[in-house]
Amino acid sequence: MKIVVDAMGGDYAPEVPVQGAVDALKDNQEISIILVGKTEEIKAQLEKYEYDQSRIEIVHAEEVIGFDEPPVMAIRKKKNSSIVVGMNLVKKGEADAFVSAGSTGAILVGGQVIVGRIKGVERAPLAPLIPTAKGPALLIDCGANVDARSSHLVQFAKMGSIYMERVVGVEKPRVAIVNIGAEEEKGNQLVKETYPLLKECKDIHFVGSIEARDIPKGDADVIVCEAFVGNVILKLYEGLSSTLISKIKQGLMSTLRSKIGALLIKPALKNTMKDFQTDEHGGAPLLGLKGLVVKTHGSSNAHDIKMGILQCVQFTREKINDQIKENLTVE
């Protein structure tokens, strides 16, 4: 299984993407990796590690798309950028997946323009796994389609159900639409139009509306919304998670008694907090494309990159794109 890693993507490139790639190789013997970017810089980073050199290939890409560049223009003009070169490898069938911590806008545009959508898919949503009290849930869409229509949300629900069942292993995943109340008549125009369509959809297990406060409780496995709402939920999740962890550490270190108590509870607390870190489940796949594209945070560390790479294995093994092709029709 060949996975392309954008070695120039992210705040800490190329150090972090290269380290994440090497770590992924050690964790999984099924994969080989193509590092795309400036060859000499990548080689300089690889010299720090011991690894199976037969499983890493470097493909040169001279240009880098910055976070502040207009995405459409950057994809058109920077044909030799790491994002464009990497996605073209997926498009040509020379690789199974593309993982990047680079510009979200460029990845969204490149995914749809270069890799292309599966026939019948109207929009390709970004769908990260987020932690809940009952295990991970899929938030779909979290940033790709801020002007979504009801037919798009229905497709998101279908694709999300396939992903949760086949990749995460959740049997008959519960699908809910984000709303400001549990009652069917509540919500904005988009939610009011989408609710009855989801209710009538026989391909999913629709459980109704979900309020934001119930998402962390794990009341749904697939959380459907348009990208503006989804992005706000995701960013609040991330900010609250890091703030709580910081405040807990601060409290535990405040007195001698609390420091002693911290030593006793450290193992259990560490495992509990790990369950609620948003980066433990890899990146956000751009679902509905002809090939797999995974976006990780711009501030990703090596662990995040590694998890983004490893999630591609199950996605490819379960042939999620084939499942989407079989189950989606033009609305």
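**Cores, sheet and surface patch**

In this predicted model, the largest nonpolar core comprises 57 residues, and those with the most contacts inside it are Ile 31, Ile 33, Leu 35, Leu 287, Ile 309 and Ile 324. Helix 6, spanning residues 150-168, gives the most to this core, with nine residues. In soluble globular proteins, nonpolar side chains tend to be buried together.

Leaving aside residues up to four places away in sequence, Leu 287 touches Ala 124, Pro 125, Ala 127, Leu 138, Ile 140, Met 159, Tyr 163 and Phe 315.

Turning to the strands, six of them form an open sheet with mixed pairing, in the order 3-2-1-4-11-10. Strand 3 (56-60) and strand 10 (284-285) stand at the edges; each has a single partner strand, so one side of each is left without a neighbour in the sheet. Strand 1 (residues 2-6) pairs with strand 4 (residues 97-100) in the parallel sense, over three bridges. Ile 3 has Ala 97 of strand 4 as its bridge partner.

Leu 236, Leu 240, Leu 244 and Ile 248 make a nonpolar surface patch of about 370 Å². Of these residues, Leu 244 may be taken as an example: Leu 244 lies in helix 8 (residues 227-252). With a relative accessible area of 45%, Leu 244 is partly exposed, as partly exposed covers values between the 20% limit for buried and the 50% limit for exposed.

Terms used
Residues are numbered from 1 along each chain as its sequence is written. This is a predicted model: local features need pLDDT of at least 70, side-chain atom pairs count only at pLDDT 80 or more; totals for chains, interfaces and linings use all residues. Side-chain values use heavy atoms; hydrogens and water are left out. A nonpolar core is a set of buried Ala, Val, Leu, Ile, Met, Phe, Trp, Tyr and Cys residues joined through side-chain atoms within 4.5 Å. Buried means under 20% relative accessible area, exposed over 50%, partly exposed in between (1.4 Å probe, protein chains only). Helices (H or I, at least four residues) and strands (E, at least two) are DSSP runs, numbered from the N terminus. Contact means heavy atoms within 4.5 Å. Two strands pair if DSSP finds at least two bridges between them. Patches are made of residues with over 30% relative accessible area and no salt bridge: like charges are joined within 9 Å, nonpolar side chains (Val, Leu, Ile, Met, Phe, Trp, Tyr) within 5 Å. Accessible areas come from the Shrake-Rupley method with a 1.4 Å probe; for residues, only the protein chains shown count as cover. A salt bridge is a side-chain nitrogen of Lys or Arg within 4 Å of a carboxyl oxygen of Asp or Glu.
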